Structures are given as C-alpha cells and as structure tokens.
Amino acid sequence: MIEIQRIKENKAEVIEGLKKRGIDSTKEIEQILLTDQEWRDEKTALQKLSANLNMISKQVGQCYSSGEREKADELKQQSVDLKKQESEQKVKVESLQKRLYQTILTIPNIPHSEVPHGKDADDNEVIFEYGESPGKDRAIYPHWDLAKTYGLIDFELGVKVTGAGFPFYKGKGAKLQRALISFFLDEAAKAGYEEYSSPLMVNEESGMGTGQLPDKEGMMYHVGSEDLYLIPTAEVPLTNMYRDVLLPNSDFSIKITGHTPCFRREAGSYGKDVRGLNRLHQFDKVEIVRIETPENADSALKEMIEHVKGLLQKLNLQYRILKLCGGDTGFAAAITYDFEVYSAGQQKWLEVSSVSRFDTFQSNRLKLRYKDAKKKSKLCHTLNGSAMALPRIVAALLENHQGVDGIKVPDALVRYTGFETIN
RNA sequence: GGAGAGGUGUCCGAGUGGUUGAAGGAGCACGCCUGGAAAGUGUGUAUACGCCGAAAGCGUAUCGAGGGUUCGAAUCCCUCUCUCUCCGCCA
C-alpha cells in the first residue's frame, strides 16, 4: 500500500512512475488527494465535537460531586444533542476513511527510476547472462522423459492421489529434492540468514499484510473449515512475523530464510507451459527475506542478487537475469529481477527466482516500523527473493546435465545427494 | 471437543462508572550525589492520527477485538478472539 504522504509530496512523480506500468492513474490519484482532504476536515470537526462532549461530561461529574443536580441535568440535556451530532459525524468520517483506504489499495507500487517502461514480458531487459547451453550434438530430452526413464517423478500417481500439478517424487528424485533444499538453506545460512520453519497456513490478516489479499484470492487455496489460507510462498509467514512490529532503533538488518512447500491454485493457467515440472500446484521453495532501513535496502538487493547468482553457478546452470519492465513488475514490488535458467530439453528459459524490493509498500500494510536516530517511527523496507524454487531447477538440472550414461549431479550437490549420477 | 480461570503500559501489578493515559513497583534514559561505582535521590519514560510544513503546544483515539448501555466505561451488558489449568482425543 502506497504511502499517502508520498502522493501528496510527489504527485507528478507518482503518476509518471505508474505510467511505466502502462496505467494512467491521474484520476485515482486526484481522487485520493481530494478524499484525504475531506477526511481530514471532517475528522477535525469530529474531534472538536468529541472534545466538547468530553468537557461536558467532566462538568457533569463535577456538578454531581458538588451537589448541583439541576445544573447537571441541564448539561446532560445539552450533551444529548451533541452526541447525536458526534455519532453522525463519526459515520461520515469512517465512510470517508474507508473510501480512501479502498482507493489507495488499488494503486500498485511505484516503479523505481531504473525500471524500464514496458507492458509485458517482451519488454524485460536481459542484464546478465552466464554459462553455455550443452550443445546440440546429441539428443537432448525434456525432463519429463528423463524423469520417467530414471524413475524420478511420477506425475500420473499424483493425478490419481490428488490431481494434476501434485507430482510424487521418488527414489533419487525425492533425494534430489531433499538435497537441493538442504543446499539452499545451508548457503543462505552461510550468507547470514537465520533459518525458520514456518506454518504452512496463514490467517486472513497475514494474507492482507503481504498483499495476497484482498485482491488475489484466486492464487491461494482456502481452507474453509478453519478460514485459513495455504501459503503460496514462504514470504507470507516469514514477512508477517514482523506485522505490527516497531523496532526500537535503526541498527538492524533482518535476514531470514525458510523452506516451505508452496501452494498455488494457478487458476486459469492451463494450456501450454504446464507440462512436467513447469507449473505445479504444490512445489518446494527456499525463500530469503530481508527487513532493512531505507538506506540499506539497495545494498541488500544487490547482495541478494549475488547470492542467487552464486547458487546457480554452483549448480552449473546456464542462466540469465532480467530486469522486469514496469508492466511485468508485480503489484507490490518497486523493482524486480527475475532469474531464468535455460532448459535445454525444452529449449526455453524458465523462471526460477524473483528478487524484489518492496520499499515501504508492504511495511505500510504490515505496520512494520523502526525508530530512526531522531526517535521518529519510520516504515521499514522489505525485500524478498526465491533462493530458490525447486521444480524448475530440477527440470534444468536433469535436462542440462544429461549425458549418454545418465545425469551428472553438480559437484556442490554431491555431498547432499550422496550420489554423483542418476542412471 | 467438555469444564474452569484470565487477557491492563517495556515487564510485574493495582484498579467494579466521574480530571485514569491509567496507582505502585521494576526496568530504561538523563541529572544530582561519589575519586569511581553501588546505594540514595530528582526528572523523564507508549502508539497512531488531527490542528500545521517542522518543533513546541493542544486535541482525539487506544486497558485482547468489535458492538451496546450511559452525560461519562479499563470498570456494567452482548458477541468474538487469544492464553492458561484440568479432562477427552491425538502425531
């Protein structure tokens, strides 16, 4: 949720920034400013009424204790009318506030200055590339074939037991999952992130806090009997730990990580690109989350990018980094870098990580603040990134490291898998 | 799931209708005292919003959440929620 203060101070800049997302929000922004002013005026009026009422009540009390009953009754009479006014005014203020809030909720985060204009994925900028594709001098199979050949993943069994998008991993496939999770968590720990194992269901407030609700209900599974949501990413529980938190000073850098399964309904995304591991309803992911002061947010983002680069390089995967254009940047993010690995068997790029800065967009909703040097409360900055999502990494590992005598496990992973090849 | 108890400020804890944002204590901060420290002593010690752009100041709201009664609610009533204890069930 964007800070209203920011709109007030930099209206033109906000409108200009949002144009990068391909939206003209002039009308909404004007509406917000107007409603805010109106709300403020009415609120002041309300407070004056309340102050009056409080004063009279006090006097009534004093009259009673000094025995002036008639005067007290008189005052009471007065307050009845005032009270009616007050409650009407209250309704007015509340409805204005609600309207204001609801309009602000529809405004996405303002893209950073370096975010390119553009409307969809085609306008994203490739800013970094690494590695080479395995070449085409021999047959390269897609991962679903390899998974079958080596008995690593059983998609049909998943369909039988649960439904499409819920595969079973087995044997070395299952072991590979576990190895990757441990590898990612250990690397995060080395980089200073504290590991958490979190709840996999969250309540409505948490969904609101990180912005999945109220808009994107379609993304999360909802457990009706308990009114809880299955998490679509560890970002939700990990960030919401800090909901309604006021950090006592500006001397902090909170780095947390956690592995969780992630559940996504992916409603309406059937069709192409869903084959094999490309898009699942349940998958495992290791997430990194940071809570920083505004001053440190930028260097934190850079560190996170370096961290993810390191992971991919240790896994010997060909990858590239995209700076997302305005139109492709998520609602809550101010800037996002996507990491894509090359999937040799499918001959396409697969997104495996997304690293974003949210500035104060999340913390504003979360009420996550800190005290600055002048003891003033300020909103923290939040950042997060996948480090990383497993299925597509698995797909790329299988496809890119396949050879005539099996699939070679990257050296960095061998101590976790306990085997060097899958054959 | 059943029965009971309870949610007050950073913490402990008082408070059953009238200057209670809230006694008292602890902690913390600053000052005095001291050669230095402890003890002692004095002062201060929430958040959000509004009046206003900042500070000071003033106002409003906040005693788990929401609603109600009342001129006035931490205190009375209702609903919800969470925690604790006992019983049941269970990895």
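Here is a short chat about the pockets of this predicted model.

User: What makes a space a pocket, and what is the volume of the largest pocket?

Analyst: On a 1 Å grid over the protein atoms alone, a pocket is an open set of points where a 1.4 Å probe fits, with protein on both sides within 12 Å along at least five of seven lines. The largest pocket has a volume of about 1,600 Å³, counted as the space filled by probe spheres set on the points. Of its 50 lining residues (an atom within 4 Å of a point), the closest to its centre are Met219, Arg264, Asp338, Glu351 and Ser354.

User: Which strand gives the largest share of that lining?

Analyst: That is E13, with nine residues. Strands here are DSSP runs of E, at least two residues, and helices are runs of H or I, at least four.

User: Why is the second largest pocket said to lie between domains?

Analyst: Domain 1 (4–105) and domain 2 (121–422) both give residues to its lining, so this pocket lies between them. The domain bounds come from an automatic or database assignment. The second largest pocket holds about 650 Å³ of space, and Met1, Tyr101, Asn364, Arg365 and Lys367 are the closest of its 23 lining residues to its centre. Helix H4 (69–105) supplies the largest share of this lining, four residues.

Notes
Residues numbered from 1 in each chain as written. Chains lettered and ligands numbered in written order. Predicted model: local features only at pLDDT ≥ 70, side-chain atom pairs only at ≥ 80, totals over all residues. Heavy atoms only, no water.
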